[in-house]
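Take a look at the model below.

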Amino acid sequence: MNGSFMTNKLKVSQEKLAEQFRVFIDPDYVITDNETMKPYECDGMSMYCEMPLLVLLPETVTQVQRVMRICHEYGVPVVARGAGTGLSAGAMPSKEGVVLSLAKFNRILNIDPLARTANLQPGVRNLAISEEAAQYGLYYGPDPSSQIACTIGGNVAENSGGVHCLKYGLTVHNILSVEMVTAEGDVVTVGSDGLDSCGMDLLAVMTGSEGLLGVVTEVKVKLLPKPEVAQVVMAGFDSVQKAGDAVGGIISHGIIPGGLEMMDGHAIVAADDFANAGYPREAKALLLCEVDGTEEEVHEHVAQAESVFRKLGATSVRTSQSEQERALMWLGRKSAFPAVGRISPDYYCMDGTIPRRHIAHVLTEMQTLSEAFGLRVANVFHAGDGNLHPLILFDANVPGEFERTEAFGASILKMCVEVGGCITGEHGVGVEKIRQMAIQFNDLELQQFHDVKAAFDPTGILNPGKGVPALKFCQEYRSLEYKQHKHEQTEAAHG
Amino acid sequence: MADLSQQLQEQVLQARTRAEKLNIVGGGTKGFMGREANTQAGTLDMSEHTGIVDYHPVELVMTVRAGTTLSDIEAALAEQGQALHFEPPHFGPGSTIGGTLACNLSGPARPWAGSVRDQVLGTRLLNGKGEHLRFGGEVMKNVAGYDVSRLQAGALGTLGVITEISLKVMPTPAASLTLVRDMAMDEALHYMNRRTAEPKPITAACWVDGKVYLRLSGAKTAVEATAEQWSGDVIEQGEAFWRSVQDMQHEFFADKNAPLWRFSVGSPATNPALGGDWFIDWAGAQRWYKGTAELSDLEVLARAAGGQVSQFRGGDRSGEVMHSQPNALKTIQQRMKESFDPDGIFNPGRLYSWM
């Protein structure tokens with residue numbers, strides 16, 4: 001493999017393809033007209049769109065299998081799609097390809113309370129799993145902010161996290177097996193009911209592979225017992241540095257919080273305006289530290305957390321005394337994105353991860369960049385696991401502002417890599433961050449990724465152009481970066 | 001404490017030029033696993049490639065060279081009140097972290113604390129072309145590129161030489177105690193799963209010799225309160241008991257030559273009706289069976305229990321010892337091998353005869 005993407009040879013017209021699909025898929029769900037296809041032109045990252053050749057909504061695994069066989073035969077790109085809530089344009093259609101919507105695979109097939117597992121079709125919504133499991137005192141761990149809408153199939157594709165990752169892990173830690181249709185049209189189960197399987201861990205590679213390796217048609221997830229008690233200790237600080245130190249203080253005490261979130265001053269005010277969450281509005285940084293477990297454990301850890309926060313300079317400390325109060329504290333955090341959406345016509349959400357100890361440095365630098373680019377930025381931060389979500393505020397109607405926003409975003413990601421982090425913690429690379437892959441990986445590493453892809457999908461029909469950049473493209477990007485760097489150096493020397 | 005990655009790289013390149021094969025060996029304590037080693041192949045010795053590269057207790061992350069022994073790692077962690085929560089088995093003082101990952105070995109806490117695979121955040125890997133590559137990183141969340149680090153878990157070194165590993169580490173629990181009760185196996189399978197479904201600080205559950213053992217760990221008050229609610233006798237030597245399970249020093253494992261089979265199955269699944277001795281760990285998800293049998297026969301039983309079986313130790317190791325792969329997955333794994341190690345240098349035939 002030379003690492004270049006296949007492009008649709010298009011040996012077959014839209015009409016001829018559609019005709020073949022209509023043989024075995026309800027013709028109403030073989031969509032070829034532009035008006036009906038329009039909603040599929042993008043995912044949650046609406047700045048990137050493309051119209052597909054056609055859209056399919058199959059209803060059975062056999063249908064998916066037949067679609068794959070036909071697309072494989074003709075070399076037609078296939079972009080699998082769940083709820084379309086992704087934030088990296090991973091489900092953006094391929095112009096000459098098929099969008100394979102799994103929206104009709106929306107059934108919870110089985111919950112086994114004794115084994116603590118659930119068998120799910122890929123279109124089951126994340127939150128629906130926990131709602132259904134609640135009758136057994138169980139829930140599904142990963143809870144991305146989009147959990148009302150996003151689906152488990154998409155969660156597998158992106159290795160989604162959420163606010164409880166430090167303690168309960170990501171999608172990869174919470175699934176047992178997937179049934180998938182390969183690029184060549186075989187149906188296989190990867191993983192089992194056991195906790196591990198013989199051979200290479202293909203399940204790990206599938207998780208987070210952004211639809212480039214196979215089409216997931218069923219997922220078996222692990223369920224966890226719902227903790228007896230959960231309480232949030234909320235602490236305000238007059239500097240980000242102090243809040244960052246307080247995070248370290250908690251961990252050093254041997255406490256692993258269920259959730260540990262940080263917000264900066266802009267995010268605090270925006271979220272509080274939106275949700276009336278009772279946040280300390282004057283604080284420069286806010287920590288939400290959720291402790292969960294048995295009653296005794298929570299009692300013990302809450303007292304320790306309060307004392308650590310006070311000792312490390314918190315200007316305010318409050319602990320939720322009821323479920324309503326806890327829910328309200330989270331509501332502010334969970335509505336941070338729409339809250340920021342209210343104070344700006346548009347916002348662009350970044351997703352870098354950093355080693356936690358660099359948080360103060362990274363946020364300070366980000367402020368400097370914010371001034372240099374003339375764009376505001378609000379920060380919400382999964383402080384427990386180092387995942388940053390800077391929200392860059394911009395106005396898409398102002399010519400050039402989105403381009404400036406993208407450049408600002410790219411600078412943030414570069415900084416994340418420089419301090420030992422990565423360009424994406426949970427949103428995926430998709431189309432959006434494909435250029436930044438060249439910062440995090442060298443050409444040999446990227447080539448190895450292309451080779452991994454080829455092991456699953458030798459002709460490259462699955463979600464082409466996403467996730468891993470063509471090497472030629474990287475060299476261009478790196479040399480552009482280099483020129484910019486040189487230019488900045490010259491400017492600095494002359495200034 | 002030395003970084004030998006350059007020498008290792010040269011050895012791989014040399015093997016490639018000379019069309020030779022290499023058996024990757026760390027502490028040499030897991031030689032009994034997998035199919036028998038290729039006697040024609042040379043040895044790539046990892047045991048001197050040691051040392052902790054980076055450790056920030058507050059980040060809960062440690063980066064180590066692959067030849068570092070588990071004992072050295074655990075000693076460094078213990079100084080900071082931390083530990084490897086997946087409780088890796090020490091099959092000897094020389095057991096290394098690299099071998100632990102390649103064999104995907106985890107101890108009694110695995111269903112609750114995760115496996116070594118779960119705790120891996122990043123690796124450096126020498127592939128068969130002698131390229132030294134870096135995947136993943138030192139952060140908990142990282143979805144850039146495929147998860148090549150976790151792909152290594154269970155690959156038995158067939159994809160490349162793991163040279164460096166970044167791992168998530170966790171605080172040592174403040175308190176721990178073990179409860180024991182007499183119980184028949186079938187009842188115990190149900191009991192262990194029912195207890196696991198409760199929101200209590202359970203961190204190990206096994207059954208052997210007509211007794212079920214449960215371990216509770218965490219905040220002292222929580223452990224004590226749970227022990228009071230759950231019936232069973234507190235045993236004095238709880239720690240020693242679990243250590244013997246972790247390191248397979250329990251007397252059940254004493255005969256090192258007899259075939260020992262490992263079933264990885266659905267935790268509450270009905271146990272296969274097979275004569276012979278059983279040790280049930282991981283609340284039923286990992287079951288050890290002592291007895292003479294054919295792999296293909298046991299595969300049928302393992303599948304019925306939702307999982308797989310392997311011939312973990314002993315017996316004839318010239319044939320297959322791992323649960324067979326369906327054709328489509330076999331093809332993917334062969335292509336994967338080809339992509340990492342095109343000349344088939346590393347651990348030839350160790351995982352499957354066809355790899």
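Leu56(A) has Leu100(A) as its bridge partner in S4(A). This is a predicted model. The two strands concerned are S2 (residues 54-56) and S4 (residues 98-101) of chain A, which pair in the parallel sense over 3 bridges. In general, strands of a sheet pair through backbone hydrogen bonds, either parallel or antiparallel.

Now widen the view. The sheet in chain A is open and has 4 strands, in the order S1-S2-S4-S3. Its pairing is mixed. Strand S1 (30-31) and strand S3 (78-81) of chain A are the edges, each pairing on one side only. Helix H1 (residues 14-22) of chain A packs on this sheet. H1 touches S1 and S2 of chain A, and its direction makes about 10° with that of S2(A).

Next, the contact between the chains. Chain A gives 78 residues to it, and chain B gives 75. Several helices of chain A supply at least two residues each to the side that touches chain B, among them H8 (240-252), H10 (295-311) and H16 (443-456). H16(A) makes the largest share, with 9 residues. By class, this side of chain A has 33 nonpolar, 28 polar and 17 charged residues.

Finally, turn to chain B itself. Chain B is divided into domain 1 (5-171 + 331-340) and domain 2 (174-314). Their C-alpha centres lie 26 Å apart. The contact between them takes 12 residues from domain 1 of chain B and 14 residues from domain 2 of chain B. On the domain 1 side, 8 residues are nonpolar, 2 are polar and 2 are charged.

Key:
Residues are numbered from 1 along each chain as its sequence is written. Chains are lettered from A and ligands numbered from 1 in the order in which they are written. This is a predicted model: local features need pLDDT of at least 70, side-chain atom pairs count only at pLDDT 80 or more; totals for chains, interfaces and linings use all residues. Domain bounds come from an automatic or database domain assignment. Two residues are in contact if their C-beta atoms, placed from the backbone, lie within 7 Å. Ala, Val, Leu, Ile, Met, Phe, Trp, Tyr, Cys and Pro count as nonpolar, Asp, Glu, Lys and Arg as charged, and the others, Gly among them, as polar. Two strands pair if DSSP finds at least two bridges between them. Axes are lines fitted to C-alpha atoms, for helices over the stretch in contact, and angles run from 0 to 180 degrees between N-to-C directions.
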